[in-house]
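The sequence and the structure are shown first.

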Amino acid sequence: RLADIGVLGLGTMGANLALNMAEKGFVVAGSNRTAEKAYALRDDNGAVGQNIVPTDSIEQFVATLKTPRLIVFMVPAGPIVDEEMQRIMPLLSPGDIMIDAGNADFNDTVRRSKAIADTPFHFVGMGVSGGELGARHGPSIMVGGEEQVYSLLSKILEPISAKYQGTPCVAWLGPDGAGHFVKTIHNGIEYADMQMIAEIYGILRDGLGLSAGEMSDIFADWNSRGLSSYLIEITAVNLAEKDPDSGKPLVDVIADEAGQKGTGRWSAIEAQKLGVGATTIEAAVSARGISSRRKERAATAALYGSVAGVRGDFHPDKDGLKELEQALETAKIIAYAQGFAVLSAASEERGWNLPLGEIARIWRAGCIIRSQFLDDITRAYEASGPAANLLHAPQFVERVKAGETALRRVVAKAALAGIPMPALAAALSYFDDYRRARGTTNLTQAQRDLFGAHTFHRLDQEGVFHHQWPAV
Ligand code: NDP
């Protein structure tokens, strides 16, 4: 039996993606370093498993596939992808398509696409979001590569992808690294979103002294309105869960040390390279870094004293909670505006022509940042075209104006109380900086001109100027 598609690497993501395809009626060849996993995938999954064709060798895997072959690589990102591609290429036929579906650095995808252009094969860099459950039941899929190749893939990708009101959350986004770049920025936005939720949790816990159960109810309530999203929904679940050993809320026994695999950092680095202020993403990456230095933080607390106990001018009444909800909603708009500004700048610099509204559309379901709010972003782009910044879109102007005071008050009160707000404060500062027609870098330019003759522009005359500053 010839397979419609092959999955190489049947770990968490590969196995679930293969089962998803099999369930949709595609025959899927499976290849894994440890071949037993491919057989277990067929044998342990009932009727769905019957569409999996396990293989023992790379030769058998290739021979099992219909041509042109569609081969999905689901192995750890980095050199292993190159090694596996090198191993399989001598066995392929002209027109075969290799698809890297891992979390690749988009720079690697650009490099691989260039290298493959000299061969008779095709290469696709495909971002898959939604974790294990998404892979199994419907991920959001961001495809980069040759557009004509996408038409061969879409017949499989559309049925397996998440659906938002019936529309598949998959699209071809642009050439070479476009898909992986968009996935990277998706993850950067995810970092910012999660960090801002954690900061509001910090106020609920340390500013209001609420229990995990009480906080769970608040997040569940927020999930019924403007903030409605997967991340807010799981926050309510996280906070409600009890530790089976101690009976305490599980979040209260989890160490405050966040892990990271790199995509948030890559987003911040790319934003910096493009000269775009993605300050909420940078704040989130830094906050995870600081969190992982738990011993160092304890030593610093011993030196300076930790700000302890319930504190700050926060109130657990209706108005107080409304203020927190509005602050989070407003900061979230600013964070997403930053993420989309990075996409827009990269698109311009690389000539990718990224469809920003389409990107928001395929993030509406399946991925970790899925939410109703992304539908608003899609509509903003549909209404106003690829605006330079979402903060210029009329719908968001109204919302930010309505929530600005809440964000300002929450950040100010938290600062006075010593409750850290790296991402929320970054959102507010970015907003204040971005909407200020006259900034302060005129002084920076004066300094640069004094010490390095770096020149400056004037507001009242065209041209480039250098001033003979007094000797210092
Ligand atoms: P796993 O660790 O679960 O699986 C890795 C797979 O790669 C296994 O099949 C493993 O084989 C194989 N593998 C590992 N090392 C080698 C090697 N040296 N040579 C050949 N095969 C190897 O990883 P995931 O499924 O979680 O991740 C796969 C990709 O998907 C990564 O790029 C990851 O970043 C990305 N991703 C992961 C998500 C997640 O939520 N987990 C979400 C989105 C993307 P064996 O079984 O023999 O060990």
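In this predicted model, the count of salt bridges comes to 32. One of them joins the side chains of Asp 4 and Lys 66, with a nitrogen-to-oxygen distance of 2.5 Å. Asp 4 is located in the segment before β1 (5–8), whereas Lys 66 belongs to the loop between α4 and β4, so the pair ties together parts that are 62 residues apart in sequence.

The loop between α4 (58–63) and β4 (70–73) also holds Pro 68. The peptide bond leading from Thr 67 to Pro 68 is cis, and its omega is near -10 degrees.

Tyr 336 is part of helix α16 (residues 318–350) and Phe 373 is part of helix α18 (residues 372–384), so the pair ties together parts that are 37 residues apart in sequence.

Helix α16 also contains Ala 345. Apart from its neighbours within four places in sequence, Ala 345 is in contact with Leu 274 and Val 276. Between the C-alpha atoms of Ala 345 and Pro 355, which are 10 residues apart along the chain, the separation is 12 Å.

The domain organisation is considered next. The chain is divided into three parts, as tabulated here.

| Domain | Residues |
|---|---|
| Domain 1 | residues 5–176 |
| Domain 2 | residues 184–434 |
| Domain 3 | residues 441–472 |

A distance of 32 Å separates the C-alpha centres of domain 1 and domain 2. Their contact takes 26 residues from domain 1 and 24 residues from domain 2. About 1800 Å² is buried between domain 1 and domain 2, and carbon and sulfur atoms give 60% of this area. Of the area that domain 1 buries against domain 2, 35% is supplied by Phe 106, Tyr 164 and Leu 173, more than by any other three residues.

Which polar and charged pairs cross this interface?

On the side of domain 1 that touches domain 2, the elements giving two or more residues are α6 (106–116), β7 (140–144), β8 (163–164), β9 (167–168) and β10 (170–174). The largest share of that side, 4 residues, comes from β10. By class, the side of domain 1 that touches domain 2 comprises 14 nonpolar, 9 polar and 3 charged residues.

One backbone feature remains to be noted. Gln 165 is found in the loop between β8 and β9. The phi angle of Gln 165 is near 45 degrees, a positive value in a residue other than glycine.

Note on methods. Residues numbered from 1 in each chain as written. Predicted model: local features only at pLDDT ≥ 70, side-chain atom pairs only at ≥ 80, totals over all residues. Heavy atoms only, no water. Domains from an automatic or database assignment. Contact = heavy atoms within 4.5 Å. Buried area = accessible area lost by both parts, 1.4 Å probe. Nonpolar A, V, L, I, M, F, W, Y, C, P; charged D, E, K, R; others polar. Salt bridge = Lys/Arg side-chain N within 4 Å of Asp/Glu carboxyl O.
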